[in-house]
Amino acid sequence: MRIEVRVFSGLEKFLPNKSFGEPLPVELPEGGTIRDLLLKIGIPKDHVFTILVDGKHRSFDYTVRDGERISLFPPVGGG
Amino acid sequence: MAKFLRVDMSAKQAKFEEVSDKYLTLGGRALTSQLVADEVPAVCDPLGPFNKLVIAPGLLSGTNAPSSGRLSVGGKSPLTGGIKEANAGGITSQKLANLDIKAVIIEGKPADKGFFLLKITPDGVEMLSADDLAGKGTYEVTAICRERYGDKVAVITIGPAGEMLMPSAGVSNNDSDGNSSRYAGRGGLGAVMGSKGLKAIVVDCPKTFDAPVKDPERFKAAAKKFAKILLDHPVCGQGLPSYGTNVLMNIINEAGTLPTRNFKFGRFDKAGEVSGEKLAEVATARGGKATHACHPGCVMRCSNVYPMPDGKVCAPIEYETAWCFGPNLEISDLDVVAKLNYICNDVGLDTIEAGCTLGVLMEAGVIPFGDGQAAIAALEEVAKGTPLGRIIGSGATNAGKVYGVTRVPAVKGQGIPAYDPRSCKGNGVTYATTPMGADHTAGYAVTANILKVGGFVDPTNKDGQVELSRNLQVATAAIDATGLCLFVAFAVLDNPEGLPTIVEMLNAQYGTELTVDDVAALGQNILKVERRFNLDAGFTKADDRLPEFFSTEELPPHNTKFDISDNDLDEVFNF
Ligand code: SF4
């Protein structure tokens, strides 16, 4: 299955030639989780704090489905 | 000896007075709201002689407690008709606290026209004519005052919007570099200051961290511990200093609750173009700064310095401002956002209200969505005082009435900020119920709803939101009394040592024996005082509601409506 990943707020340093927010298409076997995804694209898990899948908060164990939009963030805040 | 400075603008006299016991342990919002409740008739005309403008440093301001230099400005709001506390960074709070001034109370109203400047120094107080400053923007006024009175002075001032008594005029003060961009922005207190004939207050004090402390050793230890608590927290210690508050743009957008095109959509496909990441890139490339402190002693340094193409700088561009002039108007050019921000700072207008109002004008078809140059031209009308300029300065609700717009994002007459209440429902509860009118800072449920700070409460579900908002409103009122920047809350919510350490600082400074429970009681009491004022001013339950369209129109991408019942909203203040 194919998903679309976006990383922000400094996580882009782990993805050569990608800037923040730039969609990265990733192929992942059926049943793959966010954990598997991070391993595949080379982002250390302890740098990721918020995982949004189609705008909903999910955990590292979430099983990804085809076509989903996955956004990854380190700890951020403001107001 | 702690003192009040009471300034009678009818007689043009100022005098110091002793602080009675009742007010000795109050500061910041606790003090401004209590003084307004005690001294201002709730039914008075906000721009008349009976309203007062109260300016108070927080309880910990002027000490070496980290990030404690926040200033509270209070009064009856010409925008909402209720009580108002607007909170600002900048360098004034520390100076007032080091002069041992607990509050400046400005009252009365001059019979004649003309503007004045109040000068406060360690040697005393002087009232000077400011007719030569009248009509000038805040940047110029601040520059002139720093030239006349020394480049270390703090300058509180209003722009032409405040002089023209516009209901969304703010009160500015400056950062250490002299930028008049640190605003007590919301609720039109700039118009209250203007109605008193006061153009500026200059505060000169050579000290920054020497406000009286009863037990300095104990205080020092607690302050050091608190700084460590802040720096150890990933948001306060790393997130805020890296990208500033505008780091929120992308996460709020991805979460689908970024109000776009006057609250029509929850995502803006060009949000990244006006985000904190982009801002840091451009600011650094142009020789600006991605991090900056709004006052000495802030360890979180969320501010930034954005050089504009015309050679001026806008410092800072905050998330709410980037949102209200960006996605809210479907504008994706950071230079346009910076320009709109700068115009507001200079003319003396609250940015959030100005952005919401431009959104309403775009909804009405007066100017097209996405047209940055048209937005700039419209905002430039404010300084000229033309009819369009005055409509913009009168806020979103008034503009909606003038143009027959029903989709007006506002509560109690004040514009709703940068998180759509349908997919960030905790903030929806806060907007509806805070005594301040729609205000994100009053109970920032974005923490648990989106940022996963202080737990997690699903933002699109109504469960748990009332309790979340209630707890945050109580905690926020207390923090606003301390003079600590509200952003300490990220660490305090996650670290059980946080609140006890704040209490320890307060006790060491004032020789009190407060407990953590007393702090919660203080927060509750502030809210009760404010609610009572609003009740006496004529507010009812009907004022604690969101505009109708939030419960009838679905917000994509989650297709949510605001569905928290009236009964549940009425439970927020059940203490
Ligand atoms: S965190 Fe930001 S707003 Fe708060 S005191 Fe520091 S610089 Fe000012």
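# Notebook: salt bridges, cores and domains

I take a salt bridge as a side-chain nitrogen of Lys or Arg within 4 Å of a carboxyl oxygen of Asp or Glu.

I note that this is a predicted model, where local features need pLDDT of at least 70, side-chain atom pairs count only at pLDDT 80 or more, and totals for chains, interfaces and linings use all residues. Residues are numbered from 1 along each chain as its sequence is written, chains are lettered from A and ligands numbered from 1 in the order in which they are written, and side-chain values use heavy atoms, with hydrogens and water left out.

**Entry 1: charged pairs**

I looked up B:Asp563 and found its side chain in a salt bridge with B:Lys425, at 2.9 Å from N to O. This pair links distant parts of the chain, 138 residues apart: B:Asp563 lies in the loop between helix H23 (549–552) and helix H24 (566–569) of chain B, and B:Lys425 in helix H17 (residues 425–433) of chain B. Helices here are DSSP runs of H or I with at least four residues, strands are runs of E with at least two, and both are numbered from the N terminus.

Are the two partners buried or exposed? B:Lys425 counts as buried because its relative accessibility is 2%, and B:Asp563 is partly exposed at 35%. The cut-offs are under 20% relative accessible area for buried, over 50% for exposed, and partly exposed in between (1.4 Å probe, protein chains only).

I also checked B:Lys119 and B:Glu126, which meet in a salt bridge at 3.6 Å, N to O. B:Glu126 is partly exposed at 41% relative accessibility. B:Lys152 pairs with B:Asp151 at 3.9 Å, N to O, and B:Lys152 counts as exposed at 62%. A network of salt bridges links B:Arg6, B:Glu17, B:Glu39, B:Lys52 and B:Glu107.

**Entry 2: the cores of chain B**

Next I looked up the largest nonpolar core, which has 146 residues. A nonpolar core is a set of buried Ala, Val, Leu, Ile, Met, Phe, Trp, Tyr and Cys residues joined through side-chain atoms within 4.5 Å. Which members touch the most others? They are B:Trp323, B:Phe325, B:Leu379, B:Tyr419 and B:Leu451. Helix H12 (residues 334–347) of chain B gives the largest share of this core, nine residues. Domain 1 (3–203) and domain 2 (244–418) of chain B each supply at least three residues.

I listed contacts (heavy atoms within 4.5 Å) for B:Trp323, leaving aside neighbours within four places in sequence. Among them are B:Met249, B:Phe263, B:Ile352 and B:Ala418. Another core, of 30 residues, lies apart from the largest one and includes B:Leu53 and B:Ile156.

**Entry 3: the domains**

The bounds of the two domains come from an automatic or database domain assignment. Their C-alpha centres lie 25 Å apart in chain B. The contact takes 37 residues from domain 1 and 38 residues from domain 2.

I then took totals for chain B. It has 24 helices and 17 strands, and 65% of its 575 residues are buried.

**Entry 4: one residue of chain A**

Last I looked up A:Ile3, found in strand S1 (residues 2–7) of chain A. A:Ile3 counts as buried, because its relative accessibility is 3%. Its C-alpha atom is separated by 8.3 Å from that of A:Leu24, 21 residues apart along the chain. Not counting residues up to four places away in sequence, A:Ile3 touches A:Leu24, A:Val26, A:Leu37 and A:Ile70, among others.
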